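Reader: Could you take me through the salt bridges, the strand pairing and the backbone of this model, giving your reasoning along with each answer?

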Amino acid sequence: TQDSPSQRYATMLRFLDEVRAAVNDVAGQTLSRLEAQGVAWAITDHPTPRGWPADEQTALRAWRGSTVGAWLIRAGDETVARWLDQGSVSVESAHLPPVDSETSDKQIRAAVEAGYSGADTDRVDELAIDAHTFLTAVAPGDYVLTQSGADLVLGVVDGAPEYDDTSPAGVDRLRCSASWVGVLPPSALDASLSTYLDLPGRLLSLSQESEALGKLLGGPLDPVPATDDEVVTTPPVLPPGGVPWLPDATDGLAARLHIDRAELQELIDLMQARQQVVFYGPPGTGKTYLAKELARHIVGSDRSRARLVQFHPSYAYEDFFEGFRPTETAAGQASFRLTSGPLRRIAAAAATSPEYPHVLVIDELNRANLAKVFGELYFLLEYRNESINVQYRPTEAFRLPPNLFFIGTMNTADRSIALLDAAMRRRFSFIELHPDEAPVSGVLAGWLAANRFDDDRAHLLAALNAAIEDQDRDLRIGPSYLMRPEAGTEEGLARVWKHDIMPLLEEHYYGRLSRDQLRDRFGLAALRAGVRGDTDDADESDDVTLGDGVSAALGGGQTAGPRESEPAGLDPDAAGGPDN
């Protein structure tokens, strides 16, 4: 970097001359310097030639110092069982005409349209992208992860993907060999890897997590279970009406959420009956976190069946359901194409597997103009067994599949909830999540006990909410503010109180209380003095309560006693974060 431009140019010419000499020695060809520059680019950057043997492709990638690729590839249980039995992996391509790695993405899309005639635009796009990615990006030596029932199976790609025209009818034609190494539970993945399981799609790149997957492959794994020659899967039996049975609440789910199992079962029973529910309450009560965890529990091992969308003031029907989006034609011209939004996509996915529940979580439901977002879909939310013609496809009938469930969340501190129209209220069942009421009232104490914390955070939160009058009930604070890792130290707790809780209360009480009055009433030091005084008094008499409504707020004197669960560990999102 200290050389002059002329010196760097001379160095480049010497390098190109060395490339020319090497090519002449190996191939007996004399190249110009411009041709040598092309050779240098091909050696370092050109995609690995698919015609090379697998070991040579792997050797070239190692010489380049390339990061090992990694992939999450999903399929049905029967297909995954075939992979494990035959030592292979594939993407959906049972009806795909012949293609290879030299086929362009536009040509592959045309092949998908020919093989899957009648499929809608979104399904064609997904199949074409998966086929092109599989043929051009998946390579020998890449790590591969798939789901088999409730478990994850890890393996390594052995050979280059190719089209097999000898595949029996109904079997994928794009596949490659793979060595399946071992099995582990989803809980073994770290937080970063685990988030990929929530993403939709059958083929997802995990290359950013290849190092983590490599460590898992090198660690202790359960053996891959042996499979029979013919695998027959029995889908769940659908009850009358086609609404699949939802799984019951479990002790594990109750322990993770620090909510009584019977209360969780009541939520699940309500979803079974109504299919459309809304969690509403003050900030920090874990509405989004509970919605996500319930959705994961309901959909089971394939977490891609649960999806989340967040509404906001500029959100519209075209974003949520479908609308025209800019695209590029085969001739390279700008154009517009009708593109599905998250509701239409999950509805299509649910329709292809009617025996399994799918869940759409709508976060901050009340922040959008709901009449503008839902449009004519209001009708389908009430009449789930009927179909309608939608705006952009007036000749096609659309209906919401009976196996599609909705969970919305609303923040009652945001006064926009008061503007929710009666039509929306009639279509959803509403479940309050409030710091003073079950199931939220015992969450913080249970979480502290599960994580072996012995401090006064539960009492402080109860004292804080007791100091907020009943007429401001929707302004009370949820437990997730005090479930952050930093709140486990005195300094961290003071920061949370000063920079998160107090500004929120200042906004709520603007024009009613001065800053000094707020500190005297809701400040950490003031509340702690009251809590300690009440606790000292309680030690002297069994009949003395904590005073100022603290005992009532804690559920009749409930303390953070031990629970029958393993330590949950510190999770900054344990209750969904303070905005939820």
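**Strand pairing, salt bridges and backbone**

Author: L152 stands opposite L184 in strand 6. The model is a predicted one, in which local features need pLDDT of at least 70 and side-chain atom pairs count only at pLDDT 80 or more, while totals for chains, interfaces and linings use all residues. Residues are numbered from 1 along each chain as its sequence is written, and side-chain values use heavy atoms, with hydrogens and water left out.

Reader: How many bridges join strand 4 to strand 6?

Author: Helices (H or I, at least four residues) and strands (E, at least two) are DSSP runs numbered from the N terminus, and two strands pair if DSSP finds at least two bridges between them. Strand 4, residues 151-157, runs antiparallel to strand 6. The number of bridges that join them is six.

Reader: Which residue of strand 6 is the bridge partner of E162?

Author: Strand 5, residues 162-163, runs antiparallel to strand 6 and is joined to it by two bridges. Strand 2 (residues 88-91) pairs with strand 6 (residues 174-184) in the antiparallel sense over four bridges, and there S90 has R175 as its bridge partner. For E162, the bridge partner in strand 6 is R175.

Reader: How many salt bridges does a search of the whole structure find?

Author: Side chains of opposite charge can pair when their charged atoms come close. A salt bridge is counted where a side-chain nitrogen of Lys or Arg lies within 4 Å of a carboxyl oxygen of Asp or Glu. By that criterion, the search of the whole structure finds 37.

Reader: Are E322 and R393, which form a salt bridge, buried or exposed?

Author: The closest N and O atoms of E322 and R393 are 2.9 Å apart. This pair links distant parts of the chain, with E322 in strand 10 (residues 322-328) and R393 in strand 14 (residues 393-398), 71 residues apart. On the scale used here, buried means under 20% relative accessible area, exposed over 50% and partly exposed in between, with a 1.4 Å probe and protein chains only. Both E322 and R393 are buried.

Reader: What is the distance between the closest N and O atoms of R473 and E432?

Author: R473 forms a salt bridge with E432, and their closest N and O atoms are 2.6 Å apart. The pair links distant parts of the chain, since R473 is in the loop between helix 18 (457-466) and helix 19 (490-508) and E432 is in strand 16 (residues 429-432), 41 residues apart. R473 counts as partly exposed because its relative accessibility is 25%, and E432 counts as partly exposed at 26%. The distance asked for is 2.6 Å.

Reader: Why are D516 and R519 separated by about one helical turn?

Author: D516 forms a salt bridge with R519, the closest N and O atoms lying 2.5 Å apart. The separation is about one helical turn because the two are three residues apart in helix 20, residues 515-522.

Reader: Where is H258, which has a positive phi?

Author: H258 has a positive phi of about 60° although it is not a glycine. At 4% relative accessibility, H258 counts as buried. Its place is in the loop between helix 9 (251-257) and helix 10 (261-274).

Reader: Which peptide bond is cis, with omega near 10°?

Author: P439 lies in the loop between strand 16 and helix 17 (443-450). The cis peptide bond, with omega near 10°, is the one from A438 to P439.
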